[in-house]
Every structure is written in structure tokens, then in C-alpha cells.
Amino acid sequence: MREKIEWCIEQHRKTNHFYDTYLPYEFHLRMVVHTCKQFIHIPERQWSELEIACWGHDLIEDTRVSYNDCKEVLGEYVADIIYAVSNEKGKNRKERANEKYYKGIAQTEGATFVKLCDRIANVQYSKMTGSKMFEMYKKENQSFIASLNFGKEYAPMVRYLVNLFVN
């Protein structure tokens, strides 16, 4: 498992990818994995695969890695999740996270869990730093939740996310 985690981190390093312009991207990945571990009791799939998917969730979207690269190194289940949570092409957030995008997440086992982990980590960070992104996440939260079309098993994660917006 350690080799897979290191591979995910290295792909971001090789593209000089940062989080919030100055932090190594690994910082964000660690936040997503921390959230994963906080809620890992929810999904039924083996937690180690979901943890790897959290480490790799931005690979296709943000690095020079393809679905087939992910499948070869991380396995098909994890690669399918990473593919599902990778934004569509688009000129703005609405085009990149469109109906097709959310449908793909809903149809891929484990993808809703990973997407919620990612969003929680992003909201926590933006709240902690006072980033303007916090207000954007707050504004789109109701639509984001409705778009995920998740089952009641994710209610604890959604409650946690909603409570992040309470001052």
C-alpha cells in the first residue's frame, strides 16, 4: 500500500502541483485521507482501496496520469473511482461538474464517498484559512449535495459538511 501512496504523491510532485499556490499538493491529499479515516465505517468496500482512491482522487484531473496508468498501478476499482471523480472538460465550474459528471459518480461504487471526502477537506481548509473559496463552497453546497444523489448511509458525512458552514 505504501508504494501506491508514494506513487500518487510523486505524480503531483512531478507536475510541480501545489495546493493553494504554496503548499505541496500532498497536504491536500493528506486532508482527504484524514476525512476518509474519519468516516471509513460508512462504505462496505475494503477501506484500504478507498484510502488509495483518496490519495489518487486528483491524478487524472491534475497530473499527466491516465486512467490506464491508474489501473495498472492502483487497480481497476481504484482507477474507476478516480476516473469518476475527475471533472469533465469545461470553461467554468458548472461545465466541469455537470450532470454527466455527477451521474458518473453515482454509478461508481465508492466514488460518492471519495467525492465527499474531497469536498469536506476543501471546505475545512478554506474555512481555516479564510479563503474566498469558502463562500463559493457555501453557495453551491445545496446544489452539490442534491447532485450527488446519495443514499442515507452518507447522511453523517453530509451533516458534517453542512455543519462546516455554521459559524
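1. Contacts of Asn 141. Beyond residues up to four places away in sequence, Asn 141 touches Leu 161, Val 162 and Phe 165. Contact means heavy atoms within 4.5 Å. Asn 141 sits in helix H10, residues 133-148. Asn 141 has a relative accessible area of 6%, so it is buried. The classes are buried (under 20% relative accessible area), exposed (over 50%) and partly exposed (in between), with a 1.4 Å probe and protein chains only.

2. Basis of the model. This is a predicted model, where local features need pLDDT of at least 70, side-chain atom pairs count only at pLDDT 80 or more, and totals for chains, interfaces and linings use all residues. Residues are numbered from 1 along each chain as its sequence is written, and side-chain values use heavy atoms, with hydrogens and water left out.

3. Confidence. The average pLDDT of the protein is 92, and 98% of the residues score at least 70. pLDDT is the predictor's confidence in each residue, from 0 to 100. Strand S1 (residues 18-19) has the lowest confidence, with a mean of 86. Helix H5 (residues 67-74) has the highest, at 98.

4. Secondary structure. The protein has 11 helices and two strands. Their order along the sequence is α-β-β-α-α-α-α-α-α-α-α-α-α. Helices (H or I, at least four residues) and strands (E, at least two) are DSSP runs, numbered from the N terminus.

5. Overall dimensions. The protein has a radius of gyration of 15 Å, which agrees with the value near 15 Å for a compact globule of 167 residues. The radius is taken over C-alpha atoms, and the globule rule is 2.2 Å times the number of residues to the power 0.38. The C-alpha trace spans about 40 × 35 × 30 Å along its principal axes.

6. Of the 167 residues, 46% count as buried. Among contacts with a separation of 6 or more, 67% come from residues 24 or more positions apart.

7. Helix H6. Which residues of helix H6 (residues 76-84) are buried? They are Tyr 77, Val 78, Ala 79, Ile 81, Ile 82 and Ala 84. The buried residues of H6 pack against helix H3 (47-56), helix H4 (59-62), H5, helix H8 (99-106) and helix H9 (111-129).

8. Ile 82. This residue lies in helix H6. Ile 82 counts as buried because its relative accessibility is 0%. Leaving aside neighbours within four places in sequence, Ile 82 is in contact with Ala 53, Gly 56, His 57, Leu 59, Ile 60, Cys 70 and Leu 74. Tyr 125 is 43 residues from Ile 82 along the chain, and their C-alpha atoms are separated by 21 Å.

9. Positive phi at Asn 16. Asn 16 is not a glycine, yet its phi is positive, near 55°. Asn 16 is in the loop between helix H1 (2-14) and S1. Asn 16 is exposed, with a relative accessible area of 58%.

10. Positive phi at Asp 20. Asp 20 is not a glycine either, and its phi is positive at about 60°. Asp 20 lies in the loop between S1 and strand S2 (23-24). Asp 20 is partly exposed, at 36% relative accessible area.

11. Charges. The protein has 24 positive and 23 negative charges, and their mean positions are 6 Å apart. Lys and Arg count as positive and Asp and Glu as negative, while His and the chain ends are not counted. Each charge is placed at NZ of Lys, CZ of Arg, CG of Asp or CD of Glu.
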